[in-house]
Number of protein chains: 2
Amino acid sequence: MLNFDFYSPARILFGRDTETKVGKLLKPYAKKVLLHYGGGSIKKSGLYDRVITSLKDAGISYAELPGVKPNPRLSLVYEGIELCKKENIELILAVGGGSVIDSAKAIAMGVYYEGDIWDVYEQGKAIHKALPVATILTIPAAGSESSGDTVITNEGKQLKYGYGSSHLRPVFSIMNPELFFTLPKNQVANGVADMMSHVFERYFTNTKQTDLTDGLCEAVLKTLIRNGPKALENPQDYDAWAELGFAGTVAHNGLVGMGRQQDWACHAMEHELSAIYDVAHGAGLAVLTPGWMQHVYKDNINMFLQFAVNVMGVQGSLREPEVLIIEAIDRLRSFYRKMGLPATLSELGIGEEKFEEMAKKCTRIAFGDEKKIGGIKELSWQNVHKIYKLVK
Amino acid sequence: MLNFDFYSPARILFGRDTETKVGKLLKPYAKKVLLHYGGGSIKKSGLYDRVITSLKDAGISYAELPGVKPNPRLSLVYEGIELCKKENIELILAVGGGSVIDSAKAIAMGVYYEGDIWDVYEQGKAIHKALPVATILTIPAAGSESSGDTVITNEGKQLKYGYGSSHLRPVFSIMNPELFFTLPKNQVANGVADMMSHVFERYFTNTKQTDLTDGLCEAVLKTLIRNGPKALENPQDYDAWAELGFAGTVAHNGLVGMGRQQDWACHAMEHELSAIYDVAHGAGLAVLTPGWMQHVYKDNINMFLQFAVNVMGVQGSLREPEVLIIEAIDRLRSFYRKMGLPATLSELGIGEEKFEEMAKKCTRIAFGDEKKIGGIKELSWQNVHKIYKLVK
C-alpha cells in the first residue's frame, strides 16, 4: 500500500424529503446564495419550488443563474463570477448533476481568483480560497457532490480540462433518490457508466497488497452492475436509486483509491471526445473502457483476472487467465449494451478524422510537452491512437 | 435503505514517517497543545522523541498528561480538564490507541462543559463545544481516530458508558503502520476482534436492500480475517498492518453502517464485562460474538446465511441454511482461537456470579428504566443472561 492523505469532509444528507431541509442547513453558512442550475427540469418536477420555499422559510435571499449545459461552459462561469461579485453572494447552491456542480465550483474559485480562471484549469495554478458550495444532487454520477474536482469546457478553444482542490469540496450535499426518478433513460445509462469508470480508474493498479481497497472497489462495482439495470427498467425503484446514488459518492470521494497507483487513461481519452464532439461523458467511457482493457490487460494479467472473477463473476480454469479476462471484457460490453449504451465511436457520430489529433492532444504531444497517460500501462499517443481505432 | 446523514471529516495521514509531520500539521490549530498518552512504550520506541522534535521544530509548546490506562478512567479525565484550563491548552494531541483518544475527547469537551463531565456520559447531555483533538495512532482498533465517539469508565461507580458528538471528531489522525510493529500479541488479537465487531454491529441488520453497505462490510471483514493472522505471525509485516490500520478506520468512521438499522448488542454486553472485570474489550467481544450469533440467528436466517457464504466462505446446500450458518459460527470461533483469543468467560476469569447483575445493568433494568438492546433481535435482560451463560 502507498502512503496517502484522505480527507472527505462533505456531509451527505441522504434520503426522502431531505431537500426540504436545505434552507435550515444553509443558515450557518450564508445569508445570500447563488442558485445555480440547468434548465427547466427542476421547475417541472417541483424541486425548484421546494428549494425556494425552504430558502424563504430560513430567511435566506438568493440570486439565480440557470443555463448550465452538459460539459459546462467557461462562458457561463465568467457570467457567474461577475454575478456573485455584484450580488455579494456568500455560497453557491448547485441544484443539478455533475455539470452544474462543476460549474458552481469554477465560479466559487473564480470569485477570489485574480486573473482568468481558465488559467487555473489549463496551467494547474494553485488557488487559496473559494466561496463555499453546497449541492442538491439530481443526477448521481459525477461524484462531484463530495469531491474537490471540477471539469470545465473552454468552448472557444475546444479544450476540456479538470482541476482539483480541497477548497472546492462541497460543505454538504443533499441526495434524495426520488429526485432521480424522472431522469431520461440515456442519462441513467451514462451515469452508471461514469460511476463505474470512477472505480475502474482506481481499481486497475500495479500496486500490490491492497486488500481493503480492492474489496471496496469490487463492492461498489457490483452494486452498480446490479442496480443500474433495475433503475433503467423501473425508474421509480427507490432502493435501486438509493444504491446508485450512494455508490456514486463512494466511487468518487477518494476512499476506494487510497494507497493505490491510479490510472485515469480512459477519462483522459474521453475528455478529448467530449471536448470536440460534445458527446455524453458516460457514453464515451462506455465505448472506450472495453477497448482500453483489451489494449492493456497483458501488462497485468492477474489484476484483470481478479476483475474477471471478483467483479464480473467469470468462472473457469484459472490456469487460462486470458480466456477468463476476454470473457469478462465481453460481459462488460454486454452490460453496457443492455444499458442502451453505444459500443463504438461511430455510433457516437465520431469518425476517424481526428483520432490522431485527439491522441496527440491527450498526451500533450500537441502542446509540445509529451506526458504519457495511464497507470497500469503508460500510454503514448500511438497507444491512444490504437485504442481509438479498436473501438471505432 | 434508510435515510442517513454521513459526515466523516477527519483527515487521515497514512504511511511511513507521517508522524514526523505532526508539528507542521498542528500549526494552523494551536500554539500550545496537551500531549496525552499512556505509559512508557512511546518513549521506548522513540516515538515520543520524534513527536517532541516535530513540535519544537514547528514552534508549538506543550504540556503533558501521561498515565492513560486501558478502559480509560474518569479520574484522569478530571485531571486533564484542570490541566488544560490552567495551561490554556488549544488542542489535545492523543498519542496512543483508542483509550488515549477516548480520554482526550472526554477532556476536550470537559474544558467547556459546565458541571460534571460524567453527566454527559451517564445522562447523554448535549455538548456544544470541545477543544480540537488530533491523534497519532499506535494501536489500530478502536476507530476512535476518525469517530466522534468516546467511552469512559467511572471506576468508582463500576460503570462504563459511551458518548458521541460531531464536536469530538479528531481534526486529523496520523497512522504509520510501522508504529504497530511493537504491539504485544494479545493487543494485536484484541484489536482485530474489536475492529471486526465494529463491522458486525453494523452488518447484521433487518434493513433490506443495502447492497452497497453489505459489500463494504464484507470487504472490511475479509480484509481483517486475511491480515490479522499475518500481523500476529510476523509483527514487521508492513502491508498486513497497513490493511488492518486502514480497515480499522473504515470499520468505524460511520460509512459501512449508513442507511442500515444497526445492532450494538455485543458492545453493550461487553461493556458490562470490562466495567466490572476490567477485561480487554476485544477479548470480551471475541467471547460474546459467537454466542450472540447462536442466540439470534434464527430471527434472520438469510442475513446470517449471507454472512456464512460471503464472509466466512462456507459452501454447501443453500437449502439447508442453518447447517451453513453453524459452520460459519464455528469458523469464526476457530479464527478467534487461532488469534489466541479466549472462547469462554471463564478463560477471562469471569464466573457466573454477576451474570444477572450485568444483564440487568446493560438493559438498564437495574436502573429502573428497561431498554432492550440490539437491532436484528431485541434482547431483554433474560436474553442477555442466556448469552452470558452460552459462553460461560
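I began with helix α8 of chain B, residues 211-233, and checked its length. At 1.5 Å a residue, 23 residues should span 33 Å, and I find the end C-alpha atoms 34 Å apart, so the two values agree. The model is a predicted one, and I read all of the entries below with that in mind.

α8(B) bends by about 30° at N227(B). A proline, P229(B), follows within four residues of that position.

Next entry: chain A as a whole. I count 15 helices and 8 strands in chain A. The C-alpha trace spans about 65 × 50 × 45 Å along its principal axes. I compared the radius of gyration with the globule rule: a compact globule of 392 residues would have a value near 21 Å, and chain A has 21 Å, so chain A agrees with the rule.

Domains of chain A. I noted a division into domain 1, residues 11-179, and domain 2, residues 185-390. The C-alpha centres of the two domains of chain A lie 27 Å apart. For the contact between them I have 19 residues of domain 1 and 24 residues of domain 2. On the side of domain 1 that touches domain 2, β1 (4-14) and β7 (159-164) of chain A each supply at least two residues. I sorted the residues of that side of domain 1 by class and got 10 nonpolar, 6 polar and 3 charged.

Contact between the chains. I find 34 residues from chain A and 34 residues from chain B in the contact. Which elements of chain A give two or more residues to the side that touches chain B? They are β1, α8 (211-233) and α9 (238-252) of chain A. Of these, I looked up the contribution of α8(A): it gives the most to that side, with 11 residues. By class, the side of chain A that touches chain B has 16 nonpolar, 9 polar and 9 charged residues.

Last entry: strand pairing across the contact. I followed β1(A) to its partner, strand β1 of chain B, residues 4-14. The two strands run antiparallel and are joined by 7 bridges. I picked out one residue pair: the bridge partner of F6(A) in β1(B) is I12(B).

How values were computed. Residues numbered from 1 in each chain as written. Chains lettered and ligands numbered in written order. Predicted model: local features only at pLDDT ≥ 70, side-chain atom pairs only at ≥ 80, totals over all residues. Domains from an automatic or database assignment. Contact = placed C-beta atoms within 7 Å. Nonpolar A, V, L, I, M, F, W, Y, C, P; charged D, E, K, R; others polar. Expected span 1.5 Å × (residues − 1). Bend = angle between axes of the 7 residues up to and from the residue. Pairing = 2+ DSSP bridges. Rg over C-alpha atoms; globule rule 2.2 N^0.38 Å.
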